[in-house]
Each structure stands twice: as C-alpha cells, then as structure tokens.
Amino acid sequence: MQTITEQTNLIPVAKDEQGNAVVSGRELHEFLEVGTQYTKWFERMVEYGFTENVDFTSFSQKCLKPIGGRPQQDHALTLDMAKEISMIQRTERGKQARQYFIEVEKRYKQQDNLRMPQTPVEIMTVVGQITAKQDQAIKLLDNKVTYLTDLAGLNSARNKELTKARNKRVIERCGGTDSNAYKDTALRKKVYHQMFQEYKEYFDVNQYADTPMKRFEEAKEFIENWHERYPLEQEIKRTNEQTNLDI
C-alpha cells in the first residue's frame, strides 16, 4: 500500500491512495503497549465487528530481518476503527490514543474544507465568516453559565438516556432477554457490576449521574461499545450453552 505519510506527535497517520486517513495496526499495537503478539491481538480485535476492506486493509511491510526473511503482515486502519480499538483496551494509553485520533480527525476535516477564495464574492464570504467567528469568540468569554453547566452532572433526561443505553448493552452482552445468562440474576448482576466498575474508573465518578454533561456523548459511546472481560465472557457463553437453567 502506497501512502503519503504525515508524521504527527503521537502515532504516524497516513493517507492511502484514496485520500483516506489511516493508521498502521502494528504502530498502534506498539503504542498501546499490548503484551499479546500482534497477529493474535489483531485477530481478536477484528472479532468486535470490523470488516476487511471497509474498516481496514491488509498489506505487507519490510522489516529488519536477516536476508530471506519474509515481510511482516500489517493493516491500515481507519481512524474510526483506531478510536474504537483504543477504547476497547481500557488503559490510560488507550484513552490517550483515542483522544489523539479525535483531534487528528478534526484537523483533517479542517484541511479538507480549506480552499483559497477566488472571486470577490468568495472573498467577502470568507471575510464574513471571519467576522462571525470573532463575534462568537467574544460571546464565549461571557458564556460562564454554559461552562458551569457542562461541568455539572447529568440532568434527569440525560441520566435516563444513559440508563437505557446501559440496560440495552447488558441485554446484548448476555445474549438477549430470553438467554440463560440474562435470566440468571446473579450473572446479570455481574455484568452490570463489571460495566459500572470500568465506567467509574474511566470517567472518575462515583455513579453514572456524576458524569459531566460535556462528556455525555463520550459516556454513551463508552457504554454502547463496552465489552465484558474474557473470564466473564466465557461464563456467559457456558451459561447460554446449558439446555436447562434453574433460576
């Protein structure tokens, strides 16, 4: 795969032949400091629902090996896939990488929207846009009420929406409301508990309602993409494979 690489502060981001921003799977794996071998780790990441030639493409890269050594298998990941994989890690490195990709994505979108004005009408339009931005910046200086609201916890409507998303995700991870795992009250509580513990650690809160309003979308995304850890995942699988379950 031929790319036009743009070196960034944290992880190199490239543009593929179609002009899409992509990230090397191996370089992301290295940054995240994952202990598992890359190929095994990537195979497990793909199981989260990613599709080849949509979310990622495969390619080979040369590496420092003795003469005759084969190139390493690598993958070009979309920024969306890179963000989701970073979140799945549930580590400080993963959190840092996800925020970094969000900023990179914003910058690329800004660059795509940039074009030098040519006609007088276009020039005046740009001038008007600049003036509007300046006016907006002045208003932001006095927007302390909104700022404090963003720092406050979730309001009732947002909290209910988050609770709904949480319940939906638990049902999904258990295998549906008719599954043995969901009907098993103790096991269902384990799923809720594990999600809550990881949520508290990630957002540094004591309860869901304490989540800052400005982080609501991030919180909802976290819940919608949450996945139980491997031991609990296996317990759910074993329970659902039972033909009869006494609750």
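Biologist: Which backbone nitrogen lies 3.3 Å from a polar atom of the Asp74 side chain?
Modeller: That of Gly25. This is a predicted model, with residues numbered from 1 along each chain as its sequence is written. Local features need pLDDT of at least 70 and side-chain atom pairs 80 or more, while totals for chains, interfaces and linings use all residues, and side-chain values use heavy atoms, leaving out hydrogens and water.

Biologist: What polar contact does the Asp74 side chain make with another side chain?
Modeller: One with the side chain of Ser24, at 2.7 Å. A polar contact is a pair of N or O atoms within 3.5 Å; within protein, one must be able to donate a hydrogen and the other to accept it, and residues adjacent in sequence count only if both atoms are side-chain atoms.

Biologist: Where does Asp74 lie, and is it buried or exposed?
Modeller: Asp74 is in strand β5, residues 72–78. Strands (E, at least two residues) and helices (H or I, at least four) are DSSP runs numbered from the N terminus. Asp74 is buried, buried being under 20% relative accessible area, exposed over 50% and partly exposed in between, with a 1.4 Å probe and protein chains only.

Biologist: What about charge partners for Asp74?
Modeller: Asp74 has no salt bridge, and Arg26, the nearest side chain of opposite charge, is 4.8 Å away. Lys and Arg count as positive, Asp and Glu as negative, with His and the chain ends not counted. A salt bridge needs a side-chain nitrogen of Lys or Arg within 4 Å of a carboxyl oxygen of Asp or Glu.

Biologist: How many salt bridges are there in the whole structure?
Modeller: The search finds 15. One of them joins Glu33 and Arg93, with the closest N and O atoms 3.4 Å apart. Glu33 is in the loop between α1 (25–31) and α2, and Arg93 is in helix α4 (residues 92–113), so the pair links distant parts of the chain, 60 residues apart. Glu33 is exposed at 57% relative accessibility, and Arg93 is partly exposed at 30%.

Biologist: And Arg173, what does its side chain meet?
Modeller: Glu228, in a salt bridge of 2.8 Å, N to O. This pair also links distant parts of the chain, 55 residues apart: Arg173 is in helix α7 (residues 156–174), and Glu228 is in the loop between α10 (216–224) and α11 (230–241). Glu228 is buried at 3% relative accessible area.

Biologist: Which residues are joined into one salt-bridge network?
Modeller: The side chains of Glu218 and Arg215 meet at 3.1 Å, N to O, and both residues are buried. Bridges with shared partners join Arg98, Arg215, Glu218 and Glu221 into one network.

Biologist: Switching to rings. How many aromatic pairs?
Modeller: There are 11, counting rings of Phe, Tyr and Trp (its six-membered ring) with centres within 6.5 Å; planes under 30 degrees apart are stacked, over 60 edge-to-face and the rest tilted. Tyr38 and Trp41 have ring centres 6.0 Å apart and planes at 45 degrees, so they are tilted. They are three residues apart in helix α2 (residues 38–46), which puts about one helical turn between them. Tyr38 is buried at 3%, as is Trp41 at 5%.

Biologist: Which residues form the ring cluster?
Modeller: Phe196, Tyr199, Tyr202, Phe203, Tyr208 and Phe222 are linked by ring pairs.

Biologist: What sits over the ring of Tyr182?
Modeller: The charged end of Arg188, 4.7 Å from the ring centre. The rule asks for NZ of Lys or CZ of Arg within 6 Å of the centre and within 35 degrees of the ring normal. Arg107 lies over the face of Tyr108, at 5.7 Å.
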